[in-house]
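Colleague: Please take a close look at the disulfides of this model and at the sheet around them. I would like the cut-offs stated as you go.

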Amino acid sequence: MEACKRVLLTRRFMGLLGFLAFTSLFLMFFHEMDMTQQTIADEKMNRTQNLRKQLLNETCDGDREAFSDGMSLMELDNFIVDDTHGIIYCYIPKVACTNLKRFMFVLNQNQLDLDLMSLSPYFIHNMNNFTLLSSFPRAEIRAKLKHYTKFLFVRDPFVRLISAYRDKMQNNEYYYEKIAYSILRRYGNLSQSSQTATKAFASGVRPSFYNFIQYLLDPQTQKQPFDPHWNQMHRLCQPCLIQYDFVGHLETLQEDADLLLKILKLESDIKVPPGNYNVTTNGFVWGWFRTVPLEDRRRLYKLYEGDFRLFGYRKPVELLDA
């Protein structure tokens, strides 16, 4: 009887060992599979990065004068510096810059455990909270541009314009009094519109999207530097004068941000918060541009053609063909 019990226990024990061995192999298999898939994804993203940088170099080499305006110290105000980690970020308004500034602020403060979303937009857009490249002597600027890791994020140029219009022209009191009021008077046939945003918004008075495009295309507007929210991205970050180590796209923000953190060796320390950015379609863009006459759409494309070409965005032929 005892012998039978021992045999039974032995069999159970061996069965348990076999089950554990099978489970271990099973888990190892899926772990290896996950690692393989991650490696494939990383390799794909690295190839994408190389293609983006190659396109920049080739497009700049083909017409460097057209894309290079020369740089003043004012233009370097878009470059945020983190000396601790050796990073320079050229921020572009309407391209996830709120969350990317939060990321840079935390790095600058070396407080990697800080909740990035606890930093309010009002606080994070106060540039006194950052170290800007323009604050350094020329020799030091050149040294940092040569040795630091430089990155930027870009976005489809026309979708960025839609975002700028919605944010600054529809319900923004500061921009109403700064720009929108004069747009209404010049292009909206509203010579008697209220100068105060509160009264105008209460009565539903705002520049139309087409009024905004008219403003951008007006030769008088183009005599002065554009507001950063609709200035051309290549004018803000000068990719034909500065060789970027990383070019992110808003359309692939999370994947690009994860790869950037790996390149910076910070993937275990911090995460870039995901943004609430709508996936746009041709129908979405057409919904905004259908009120803009064909000839004005073509003129607008010429105005932002550099951004389309340099950053690899498809020419929107559905908006530009008759």
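Modeller: C60 is buried, with a relative accessible area of 1%; buried here means under 20% relative accessible area, exposed over 50%, and partly exposed in between, with a 1.4 Å probe and protein chains only. This is a predicted model, in which local features need pLDDT of at least 70 and side-chain atom pairs count only at pLDDT 80 or more, while totals for chains, interfaces and linings use all residues. Residues are numbered from 1 along each chain as its sequence is written, and side-chain values use heavy atoms, with hydrogens and water left out.

The partner of C60 in a disulfide is C240, with 1.9 Å between the sulfur atoms; a disulfide is a pair of cysteine sulfur atoms within 2.5 Å. The S-S torsion is -85°, and the link of C60 and C240 is left-handed. C60 sits in helix α1 (residues 2–62) and C240 in the loop between α11 (233–237) and β4 (246–249), so this pair ties together parts that are 180 residues apart in sequence. Helices (H or I, at least four residues) and strands (E, at least two) are DSSP runs, numbered from the N terminus. C240 is also buried, at 7% relative accessibility.

The structure holds two disulfides. The other one joins C90 and C237, again with sulfur atoms 1.9 Å apart. Its S-S torsion is about -90°, so the disulfide of C90 and C237 is left-handed. C90 belongs to strand β2 (residues 87–90) and C237 to helix α11, so parts that are 147 residues apart in sequence are tied together. Both ends are buried: C90 has a relative accessible area of 1% and C237 one of 0%. With the bonded cysteines numbered in sequence order, the pairing reads 1-4, 2-3.

β1 and β2 are antiparallel and share four bridges, with I80 opposite Y89 in β2.

β2 and β3 run parallel and are joined by four bridges. Four bridges also join β3 to β4, and these two strands run parallel as well. Five of the six residues of β3 (residues 149–154) are buried, and the strand is mostly covered.

Technical notes. Pairing = 2+ DSSP bridges.
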